[in-house]
Amino acid sequence: MVWTICTRSWVPIVASLSLLLLAPVATRAEWYAAAQLGVNFADPLRNVRGSGSLAGLEAPNFNLKTSPAFGGKVGLFPNHGILGIELDVSHSTPHIKNLDDIPGIHLSVTNIGPSVVLRYPGMTWQPYLGGGPAILVAHLGRSSTTERDTQVSFGANVLVGVRAFVTPRVALFTEYKYTDSTFRFGGAFGPVGGFDGTYRAHQLFMGLSYHF
Amino acid sequence: MTRSIVWFCLAGILLFTAGCAESLHQGQRHAGWSHRSNTGYADGSAYGGAGYWWYPFGYYGPGYGWYGGGYGGSRQSTSGSAHRPTPPDNAPPQFQKQY
């Protein structure tokens, strides 16, 4: 109880201090927003193991379909510098392919990734690379063998790309992003249990960014 | 085929138009350098030296920014156990596959 009260009273103070400290950086920063479209090349779902009452069982790799991907990002480079941060959200549908006679399963993945980005601050061309944690929201569809299930897992993103300005404020960019995580669909097979599997994806994007 | 043409056109537009523009923000930064370097030649650090590269958030001087941290993703061991338990009858078909 005491801890709750203390926490509640500290939150506005910490938030206000953060705003005060970040305000000078934010006002002198290069903000940008971008939209992107691309392709998601997912590796097979590996290390598929049962969970719940299926714990200890193993299954073959689940092959995933190559799918379109789309998303957006916002970011900033304080003082027009070389180091910045961005928040990237992308969505793809790497459906699970059929396993011999077992039909495939619909799968959608939303990747929410804050990243630290390092760029060469060129006038026209700006290569960049970055990385950071990823929150993956994956939704498994109902099929003849599975129930609907949504899981949220943590992972990591690594990205590399190049941006080219086509007007002083608008740039085209192309980007490669690698994602690594472990999906845990605990209720995929209903009351029987679920499965875990290692998810790794390669994404290629092209996009348009506007620099405020 | 159509998809290839679309990608080719997009790549062409990128290459053709990219040489025509310069970043507004980087232009402002370069303008700042010119201003500083023209006010006497005593300090050459505007174009070179440690000042150019050692302030990761910008080139206007020290005292700005913070350092972000990295992150290590979770990984699962690929080495499976030598002994595989026999799946029960009610196990989903995915776990009854031989591989």
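Author: A patch, as the word is used here, is made of residues with over 30% relative accessible area and no salt bridge, with nonpolar side chains joined within 5 Å. The model is a predicted one. On its surface, W31(A), Y210(A) and F212(A) make a nonpolar patch of about 330 Å². W31(A) sits in strand β1 of chain A, which covers residues 29–42. This residue counts as partly exposed because its relative accessibility is 39%, and partly exposed is the class between under 20% (buried) and over 50% (exposed).

Now the interior. In soluble globular proteins, nonpolar side chains tend to be buried together. Here the largest nonpolar core holds 27 residues, and those touching the most other members are F62(A), L107(A), L140(A), F183(A), F185(A), F195(A) and Y199(A). At least two residues of this core come from each of β5 (107–119), β6 (125–140), β8 (170–185) and β9 (193–211) of chain A. Strand β6(A) gives the largest share, four residues.

Another core lies apart from the largest one; it has seven residues, including Y32(A), A34(A), F77(A) and V117(A).

Chain B has three helices and zero strands, in the order α-α-α along the sequence. Of its 99 residues, 21% count as buried. Chain B exposes about 7100 Å², of which carbon and sulfur atoms supply 60%.

Key. Residues are numbered from 1 along each chain as its sequence is written. Chains are lettered from A and ligands numbered from 1 in the order in which they are written. This is a predicted model: local features need pLDDT of at least 70, side-chain atom pairs count only at pLDDT 80 or more; totals for chains, interfaces and linings use all residues. Side-chain values use heavy atoms; hydrogens and water are left out. Patches are made of residues with over 30% relative accessible area and no salt bridge: like charges are joined within 9 Å, nonpolar side chains (Val, Leu, Ile, Met, Phe, Trp, Tyr) within 5 Å. Accessible areas come from the Shrake-Rupley method with a 1.4 Å probe; for residues, only the protein chains shown count as cover. A salt bridge is a side-chain nitrogen of Lys or Arg within 4 Å of a carboxyl oxygen of Asp or Glu. Buried means under 20% relative accessible area, exposed over 50%, partly exposed in between (1.4 Å probe, protein chains only). A nonpolar core is a set of buried Ala, Val, Leu, Ile, Met, Phe, Trp, Tyr and Cys residues joined through side-chain atoms within 4.5 Å.
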